[in-house]
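Work through the exercises below with the sequence and the 3D structure in view. Try each task before reading its solution.

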Amino acid sequence: MAKLSPVKCPYCGQSFQREDTDFVQLGRRYAHAECVEEVNQIHEYMKKVLGGSYSYTKIESQIKNFATKEGMTLDAIYKTLIYWYDVKKSSTDQANGGIGIVPYVYSEYLKYMKSQYQNAQINKNKNIRDFVGQTPTEIIGKATPIRKPRHIKFYELS
Ligand SMILES: [Zn+2]
């Protein structure tokens, strides 16, 4: 049987075979089902944060840009936003309906997560696996009803 030609996910930029991957068709493109889920999570969150100024098209193109050109994971984009708006309580005045802030505060987010992890280690001798499954707000004890991201990249902590 002839194989379908590989397709490229517009969110993570990775090619995949439709025969052995869960995917979602978006117009004429195909994306990993997992990526779509993570992208939707970012949209839902930003809709809540930005309210009426939220721009779907702007955020959609920024997500693709950060993930494919800046090399960020979708999970990292999402968590950086939680850090910036839920943990730091930053203003949305400069947001202009989008998430352009992400590349500028990403390294600050990583530093924050690293220090939170070290504190957790000192205080409770926690296993790294207990820690990385949590969002920043859960770590500092202000749980918000946001689903836990499933994919944690360990290199982000170093
Ligand atoms: Zn993907």
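## Exercise 1: The nonpolar core

The largest nonpolar core of the chain has 27 residues, and those with the most contacts inside it are Tyr11, Ile42, Ile63, Ala67, Leu74, Ile77 and Leu81. Which helices each supply at least two residues of this core?

Solution. Step 1: recall the term. A nonpolar core is a set of buried Ala, Val, Leu, Ile, Met, Phe, Trp, Tyr and Cys residues joined through C-beta atoms within 7 Å. A residue is buried if 20 or more other C-beta atoms lie within 10 Å of its own, exposed if 12 or fewer, and partly exposed in between, with C-beta atoms placed from the backbone.

Step 1: go through the helices. At least two core residues each come from helix H1 (33–50), helix H2 (56–68), helix H3 (74–87) and helix H4 (102–124). H3 gives the largest share, 9 residues.

Step 2: look at one core member. Leaving out residues up to four places away in sequence, Tyr11 touches Ala31, Cys35, Val39, Ile63, Lys64, Ala67 and Leu74. Two residues are in contact if their C-beta atoms, placed from the backbone, lie within 7 Å.

Step 3: In soluble globular proteins, nonpolar side chains tend to be buried together.

A note on the model: it is predicted, so local features need pLDDT of at least 70 and side-chain atom pairs count only at pLDDT 80 or more, while totals for chains, interfaces and linings use all residues. Residues are numbered from 1 along each chain as its sequence is written.

## Exercise 2: The order of elements

State how many helices and strands the chain has, and in what order they come.

Solution. Step 1: count. The chain has 6 helices and 4 strands. Helices (H or I, at least four residues) and strands (E, at least two) are DSSP runs, numbered from the N terminus.

Step 1: read along the chain. From the N terminus the order is β-β-β-β-α-α-α-α-α-α.

Step 2: Of the 158 residues in the chain, 23% are buried. Among contacts with a separation of 6 or more, 57% join residues 24 or more positions apart.

## Exercise 3: A hairpin

In which sense do strands E3 and E4 pair, and over how many bridges?

Solution. Step 1: find the strands. E3 covers residues 23–26 and E4 covers residues 29–32; they pair in the antiparallel sense over 4 bridges. Two strands pair if DSSP finds at least two bridges between them.

Step 1: Gln25 stands opposite Tyr30, and Leu26 stands opposite Arg29.

Step 2: inspect the turn. E3 and E4 form a hairpin with 2 residues between them, and Gly27 in the turn has a positive phi of about 60 degrees.

## Exercise 4: Two helix pairs

Describe how H1 packs against H2 and against H3.

Solution. Two packed helices are described by the angle between their axes and the distance between the axes. Axes are lines fitted to C-alpha atoms, for helices over the stretch in contact, and angles run from 0 to 180 degrees between N-to-C directions.

Step 1: take H1 and H2. Their axes are 11 Å apart, at an angle of about 140 degrees. H1 is therefore oblique to H2. Angles under 35 degrees count as roughly parallel, over 145 as roughly antiparallel, 65 to 115 as roughly perpendicular and the rest as oblique. Val39, Ile42, His43 and Met46 in H1 meet Tyr56, Ile59 and Ile63 in H2.

Step 2: take H1 and H3. Their axes come within 9 Å and cross at roughly 15 degrees. H1 and H3 are therefore roughly parallel to each other. Residues of H1 in this contact include Cys35, Tyr45 and Val49, and those of H3 include Leu74, Tyr78 and Tyr85.

## Exercise 5: Positive phi in a loop

Why does Lys89 count as exposed, and why does Asn96 count as partly exposed?

Solution. Step 1: locate Lys89. Lys89 lies in the loop between H3 and H4, and its phi is near 55 degrees, a positive value in a residue other than glycine.

Step 1: count its neighbours. Lys89 counts as exposed because it has 7 C-beta neighbours inside 10 Å.

Step 2: Asn96 has 13 C-beta neighbours inside 10 Å, so it counts as partly exposed.
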